[in-house]
Structures are given as C-alpha cells and as structure tokens.
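Keep the 3D view open as you read.

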Amino acid sequence: MEELDKDINKTFAAALERSQKLEEDIIKNPKKYRVLTGDRPTGRLHIGHYFGSIKNRVRLSKLGIPTMVLIADYQVLTDHDAYQEISQNTKQLVIDYLAAGLEPSKDMIIYPHSYIPECNQLMLPFLTLVTSAELERNPTVKEEMQNALETGKVKTINAGMLTYPVHQACDILFCKGNVVPVGKDQLPHIELTRTIARRFNEKYCKNTPPIFPLPDALLSKTPSILGLDGSQKMSKSRGNAIMLSATEDETAKLIKKAKTDGERCITYDPVNRPEVANLLMLISLCTGEAPSAIAERIGEGGGGELKKTLIEALNEELRPLRQRRSELEKDMGYISKVLKEGAERARELAVQTLNEVRSAMNMVI
C-alpha cells in the first residue's frame, strides 16, 4: 500500500508539472490544442459542476481553443440500472451548458457519444493494448464500483464499468484531444489513455508518424466543493447539492439547512472547520474575495450571517444563467439542433481518425 501511495503521488507530481506548463502555453498558442471534456447525463448540473468545470470550459472556449464537449450517454449504462431518463437528461445538460455561456460553433462542439459509431469502433483495438490487471487496479474504477453498489445504482458490477477507462480513451483519442480538464481523482484514466496512445503508436506506427497525441490533464484549480452536509463531495445522488436549475427561493432554503458548527465567530479553517470553510469558499467563488477576508468581515455574525451572505452571493452569480436557462427550456427544438449538428461535426473527425487507424492496422479493403 505504501508503494502504491508513492506511485500515485509521483504520478500526480508529474501531471501537475505538465498541467502548469500546459496552462501557460494554452494562452499563447490556443490553436495547438483540442480540449475534450464533458459529463454523463445522469441529471441536471449543480453548483459543484459549475464552479469546478463549467466556468473553466467557457474560459477555454473563449480563448479560441477547439473544444469538444462530450455527453457520455453510453457510459451511464455502466453504473446505472435506470436508462429511461437519458434522453431528457442529455437535453437538460445542453441547456445548462448553453445557459452557462458555452456557444456552439465550428470550434465548440457539443455531442452525445452514442451518435459517433466510429469513435466506439476504437474500443476493440484499444482493449487489446491493455491488460485486465491494469484495469482492475485502477483506483478510480474501484471507488466508482464501490459507490455504485453502496448507493444502489446497480445490483452487480458489469464489465462495462471495468472497461470504462478504455471507453474514455476512445472519447479522448477519436478527435485527437490533447487537453483534458480534470480533477486529481480522474488522473488514472488520463494516464491509461496516454498508455493506450503510446502503445498504439509504438505497435502500428513504427515507420509512419504517430496517429495519436499523448493527452495531458489540465488540473482544476478549484478546490473540491463539499455538499451542504459538509462531509462529502457535492453530488446529486447524495442529495447534498444545489442545482443550477433551482430557483432563488429554493437555493435560499437549501443553504439555510447547510451544516456549519457550534462556534459563533466565523473563521476560515479548512482543516478544523470544513463545513464553515466550504461555505466561505463558495462565497469567494462568487465574489472573488478571499475566504479569510469574508470570514473576518462576518466575524461574530455567526452561521446565520454566513448563510445569508452565501445566499445573496450565489443568487447574484447565477441570476443571468437562470434567466438564460428559462429561455432555452422554451425552445427544445434548438436544443435538439445543437446535439444533431454537434454529432455531425464530431463524426467527421471520427471517420478521419478511424480511416487512419484502419490503414495503420492493415485493414483497408
């Protein structure tokens, strides 16, 4: 276990160094890169998604970086027995994306991967490049398997969950994505994608230029956002989240129920007062003010003033998004158009890549 921890820390240190250099170069040379990012359509997005990833996607797309926003509908089947809501959830994701500021264009494509068969055709050759042992020891997959069983999402573990990281590699590499914004917990998936890309190039491109780039993780600068229970990561399944689609009144009610602690004086102490620190950080993400400065200003106002401050800051931050969201929900025809046009553009890239793969593997007829 100690050796495994050392390996994980070493991998993280290397990924962090690459991420820092990548961030600097992206700003100077945005067209060198293609970002692959996205979500599974398991429900509407919450403020953890918004601050943790969506705002950064908007920033990257506005820099002019070609961006692929994947809706991973097939992957929902790996750890959810329910499938009836996938279509509706997909459309709600698109509404959240557009309301937050993502604007579809030739360089910003939103698409569901079930509509990209050429991407999924990479799955079999990629599976031959990894061992079952490599898949079984992936720490993120282990955690996701355990969570799926504990929360009752599935009754048994299916093979799709084990091969989930390989499917992610297909999603990243079919469009030759070389930047993947992620948190630390997703690094094992990115490392496996790099391994698959490297092994494919070494095996099939010995005398030709490599087909696949080695993608790098662009690590999130936003700390992990706890749920309103103050003890676990914000999550729809844990019932501790504020959805982007919530009204201002609903947001206020949820925040008033948020867990704090018994101390009246508000201080920013993430180690000893994680619940209070989490609410302070959320205010900071809305206003740009340092959490410690917010805590000093609230002082003896206690938990009541802390929650009031957060309610005002969060509702102010999300007001334009919610207004845009309300408008988009009235035009579902436009939402379908965004998805269909995105799938068409994504398929063009996928067909080109699959043709290159067939040629490299001597399968052209």
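Which residues are linked with Arg18 in a network of salt bridges? The network joins Arg18 with Glu191, Arg194 and Asp216. Bear in mind that this is a predicted model.

## Salt bridges

The count of salt bridges comes to 24. In the one between Arg18 and Glu191, the closest N and O atoms are 3.1 Å apart. Arg18 sits in helix H1 (residues 2-28) and Glu191 in helix H11, so this pair ties together parts that are 173 residues apart in sequence. Both ends are partly exposed: Arg18 has a relative accessible area of 25%, and Glu191 has 23%.

Next, take a look at Arg347 and Glu118, whose side chains meet in a salt bridge at 2.4 Å, N to O. Here the partners are 229 residues apart in sequence, with Arg347 in helix H16 (residues 332-360) and Glu118 in helix H5 (residues 117-120). Arg347 is partly exposed at 35% relative accessible area, whereas Glu118 is buried at 9%.

## Around helices H12 and H13

Arg273 and Asp261 make another salt bridge, with 2.8 Å between the closest N and O atoms. Both lie in the loop between H12 (248-256) and H13, so the pair ties together parts that are 12 residues apart in sequence. Is Arg273 buried or exposed? Its relative accessibility is 3%, so Arg273 counts as buried. Asp261, on the other hand, is partly exposed, with a relative accessible area of 29%.

Move on to helix H13 (residues 274-287) and you'll find Glu275. Glu275 is buried too, at 14% relative accessible area. Leaving aside residues up to four places away in sequence, Glu275 touches Gly230, Lys259 and Thr260.

## Nonpolar cores

The largest nonpolar core has 49 residues, and those with the most contacts inside it are Ile47, Tyr97, Ile110 and Leu314. Helix H15 (residues 302-328) gives the most to this core, with eight residues. Apart from this core lies another, of 42 residues, among them Phe174, Ile190, Leu219 and Leu354.

Not counting residues up to four places away in sequence, its contacts include Val69, Ile71, Val94, Tyr97 and Leu98. Val338, Leu339, Gly342 and Ala343 are also among the residues that Ile110 touches.

## Aromatic pairs

There are six aromatic pairs by count. One of them, Tyr50 with Phe51, is edge-to-face, at 5.0 Å centre to centre and 70° between the planes. Both residues are buried: Tyr50 has a relative accessible area of 7%, and Phe51 is at 6%.

Phe200 and Phe212 are edge-to-face as well, with ring centres 5.2 Å apart and planes at 75°. Phe200 is in helix H11 (residues 187-204), while Phe212 is in the loop between H11 and strand S5 (216-219), 12 residues apart. Phe200 is buried at 0% relative accessibility, and Phe212 is buried at 4%.

## Out on the surface

Tyr74, Leu77 and Tyr83 make a nonpolar surface patch of about 330 Å². Tyr83 is in the loop between helix H3 (73-79) and helix H4 (86-100), and is exposed at 54% relative accessible area.

Lastly, there's Gly160 in helix H9 (residues 159-162). Gly160 counts as partly exposed at 26% relative accessibility. C-alpha to C-alpha, Gly160 and Gln323 are 38 Å apart in space, and 163 residues apart in sequence.

Notes. Residues numbered from 1 in each chain as written. Predicted model: local features only at pLDDT ≥ 70, side-chain atom pairs only at ≥ 80, totals over all residues. Heavy atoms only, no water. Core = buried A, V, L, I, M, F, W, Y, C linked by side-chain atoms within 4.5 Å. Buried < 20%, exposed > 50% of the residue type's maximum accessible area, 1.4 Å probe, protein only. Helix = DSSP H or I, 4+ residues; strand = E, 2+ residues; numbered from the N terminus. Contact = heavy atoms within 4.5 Å. Phe/Tyr/Trp six-rings, centres within 6.5 Å; stacked < 30°, edge-to-face > 60°. Patch = residues over 30% accessible without salt bridge, like charges linked within 9 Å, V, L, I, M, F, W, Y side chains within 5 Å. Areas by Shrake-Rupley, 256 points an atom, 1.4 Å probe, with all protein chains shown as cover. Salt bridge = Lys/Arg side-chain N within 4 Å of Asp/Glu carboxyl O.
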